[in-house]
Amino acid sequence: MLDFAVIFVGIVLAISLLLNVYRLFLGPNASDRLLALDTMYINSIALILVYGMHSSTTLYFEAALLIAMLGFVSSVAFAKYLLRGDIIE
Amino acid sequence: MNDMFEIVISVLLVIGGIFIFVGSLGLARLQDFYTRLHAPTKATTVGLGSVLLASMIYTYATEGYITVNVLLITLFLVITAPVVAHILAKVAMHHQVKMIPRTRNREMVKLARKQLPPTATTGVEEDGRLP
């Protein structure tokens, strides 16, 4: 039952990532693309955790933590660039 | 791992997957940027929280201890998701991204772009609704 649930959630997350890629390519302006990227890294954290459960190891949790931190910092930096035209003033 | 753990983990995983899918579907399907901003920032946070809870229970069931990493990811995500949403809304207002016509209080965007407070109102509009 757990194997089935893990595979089902993996497929659902892959479809979600494809929807995000659709918005990333189609997005009419830069803020839409930035929102799509922000959602993509959250979804990829979930995918990494599910893959860690699939291969029954806890090694991937550190990678998920790194993605969470760097994703936030890059999103804020890019948004700041769009907002002010500069990152560090 | 006994059956109880397995059922709880599976239910949490499926709930998380469905929430994340709904968030991404909203991101792909909704009409303008401000409505699209709602879908991932709420639904995806709940979904990822559910998946993280499932993986925490999974670690406890297989290894016998509770990992702090997963708790850290949850905490970090709950703190940072509203911050990113707020900054993205500010970016969209700064770039004057188009809104759908049904958006309420459109005139406040001008003041918000200048970072001024909204003008004082009497508290109740003409038709009796709260502003």
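Student: Is Phe76(B) buried, exposed or partly exposed, and why?

Tutor: Please bear in mind that this is a predicted model. A residue counts as buried under 20% relative accessible area and as exposed over 50%, with partly exposed in between. Phe76(B) has a relative accessibility of 24%, and therefore it counts as partly exposed.

Student: Where does Phe76(B) lie, and with which residues is it in contact?

Tutor: Phe76(B) belongs to helix α3 of chain B, which covers residues 68-94. Apart from neighbours within four places in sequence, its contacts are Ala68(A), Met69(A) and Phe72(A).

Student: How many residues does each chain bring to the contact between chain A and chain B?

Tutor: Chain A brings 44 residues and chain B brings 48 residues. About 4,100 Å² is buried between the two chains, and carbon and sulfur atoms give 80% of that area.

Student: How many salt bridges and polar contacts are found across this interface?

Tutor: The rule finds one salt bridge across the interface. Asp32(A) pairs with Arg36(B) in a salt bridge, with 2.9 Å between the closest N and O atoms.

Student: Which helices of chain A supply the side that touches chain B?

Tutor: Helices α1 (2-26), α2 (30-54) and α3 (61-84) of chain A each supply at least two residues of that side. The largest share, 14 residues, comes from α2(A). Sorted by class, the side of chain A that touches chain B holds 31 nonpolar, nine polar and four charged residues.

Student: How should I read a nonpolar core?

Tutor: In soluble globular proteins, nonpolar side chains tend to be buried together. Here the largest nonpolar core has 47 residues, and those with the most contacts inside it are Ile45(A), Leu49(A), Leu13(B), Phe33(B) and Leu48(B). Helix α2(A) gives the most to this core, with 10 residues. Not counting residues up to four places away in sequence, Leu48(B) touches Ile42(A), Ile45(A), Ala46(A) and Leu49(A), as well as Ile20(B) and Leu77(B).

Student: Is Thr45(B) buried or exposed?

Tutor: Thr45(B), found in helix α2 of chain B, counts as buried because its relative accessibility is 15%. Its side chain reaches the backbone oxygen of Thr41(B) at 2.6 Å. Leaving out residues up to four places away in sequence, Thr45(B) touches Pro40(B), Leu77(B) and Ala81(B).

Terms used
Residues numbered from 1 in each chain as written. Chains lettered and ligands numbered in written order. Predicted model: local features only at pLDDT ≥ 70, side-chain atom pairs only at ≥ 80, totals over all residues. Heavy atoms only, no water. Helix = DSSP H or I, 4+ residues; strand = E, 2+ residues; numbered from the N terminus. Buried < 20%, exposed > 50% of the residue type's maximum accessible area, 1.4 Å probe, protein only. Contact = heavy atoms within 4.5 Å. Buried area = accessible area lost by both parts, 1.4 Å probe. Salt bridge = Lys/Arg side-chain N within 4 Å of Asp/Glu carboxyl O. Nonpolar A, V, L, I, M, F, W, Y, C, P; charged D, E, K, R; others polar. Core = buried A, V, L, I, M, F, W, Y, C linked by side-chain atoms within 4.5 Å. Polar contact = N/O pair within 3.5 Å; in protein donor to acceptor, adjacent residues only side chain to side chain.
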